[in-house]
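Please look over the structure below.

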Amino acid sequence: VGCPLARSLARCSKRPRSAMQGRVTLLVGLTGSLLMAGVIGWALAEGNGSQQVKTLLGMPWGIVSLVDLYVGFTIFSLWICHREPNKLYAAVWVFFMMTLGNFTSSLYVLKALVESSTPRSGSAAGPVAVNPQRFWLGPDHRELQSL
């Protein structure tokens with residue numbers, strides 16, 4: 001019996017992870033962080049936030065978009081709360097998730113990547129191996145038993 005996700009992670013962790021997977025995750029996290037920082041800065045400089053939010057909330061698809069966005073933020077925040085052993089620290093991440101959105105999620109993916117990576121070939125600058133259990137479950141998880 002047991003959790004299907006746990007069984008899947010147990011099988012996945014036995015397979016070697018390529019350095020390419022770590023680089024792709026790093027690229028996505030960095031690109032997301034930089035892109036979101038840029039568009040947030042642009043919107044703050046160019047936009048009238050309160051007027052534009054009022055306009056957005058006046059349109060049915062604007063409301064759908066915001067609900068969709070915050071459902072996604074909430075789901076991502078649940079992952080943060082699951083991964084973080086310190087609940088105060090998790091609450092800070094969730095606060096920034098709800099206020100800065102996917103800028104925060106991109107940074108958190110980078111944090112999770114760093115915590116779940118180990119250098120290959122003994123070199124700190126070499127390619128990294130990503131442990132998927134540690135990436136998804138956090139650095140303090142107990143190793144899953146074979147299921």
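This report takes the helix, then the serine, then the pocket. The model is predicted.

**Helix α6**

Helix α6 covers residues 102–116, which makes 15 residues. At 1.5 Å a residue, α6 should span 21 Å, and its end C-alpha atoms are 21 Å apart, so the two values agree. Buried residues in α6 include Thr104, Ser105, Tyr108, Val109 and Leu110. Lys111, Ala112, Leu113 and Ser116 of α6 are buried too.

**Ser106**

Ser106 sits in helix α6. Is Ser106 buried or exposed? Its relative accessible area is 11%, under the 20% cut-off, so Ser106 counts as buried. Beyond its neighbours within four places in sequence, Ser106 touches Gly29, Gly32 and Ser33. Val28 lies 78 residues away from Ser106 along the chain, yet their C-alpha atoms are separated by 7.7 Å. A polar side-chain atom of Ser106 also lies 2.9 Å from the backbone oxygen of Asn102.

The two distances for Ser106 are set out here.

| Atoms | Distance |
|---|---|
| C-alpha of Ser106 and C-alpha of Val28 | 7.7 Å |
| Side-chain polar atom of Ser106 and backbone oxygen of Asn102 | 2.9 Å |

**The largest pocket**

The largest pocket holds about 500 Å³ of space. It is lined by 17 residues, and Ala43, Gly49, Gln52, Val53 and Leu56 are the closest to its centre. Which helices supply at least two lining residues each? They are α2 (19–46), α3 (49–57), α4 (60–83) and α5 (87–100). By class, the lining has 11 nonpolar and 6 polar residues, with no charged residues.

Methods: Residues numbered from 1 in each chain as written. Predicted model: local features only at pLDDT ≥ 70, side-chain atom pairs only at ≥ 80, totals over all residues. Heavy atoms only, no water. Helix = DSSP H or I, 4+ residues; strand = E, 2+ residues; numbered from the N terminus. Expected span 1.5 Å × (residues − 1). Buried < 20%, exposed > 50% of the residue type's maximum accessible area, 1.4 Å probe, protein only. 1 Å grid on protein atoms, 1.4 Å probe; cavity = no way out; pocket = protein on both sides within 12 Å on 5 of 7 lines; lining within 4 Å. Points joined across faces, edges and corners; volume = space filled by probe spheres on them. Nonpolar A, V, L, I, M, F, W, Y, C, P; charged D, E, K, R; others polar. Contact = heavy atoms within 4.5 Å. Polar contact = N/O pair within 3.5 Å; in protein donor to acceptor, adjacent residues only side chain to side chain.
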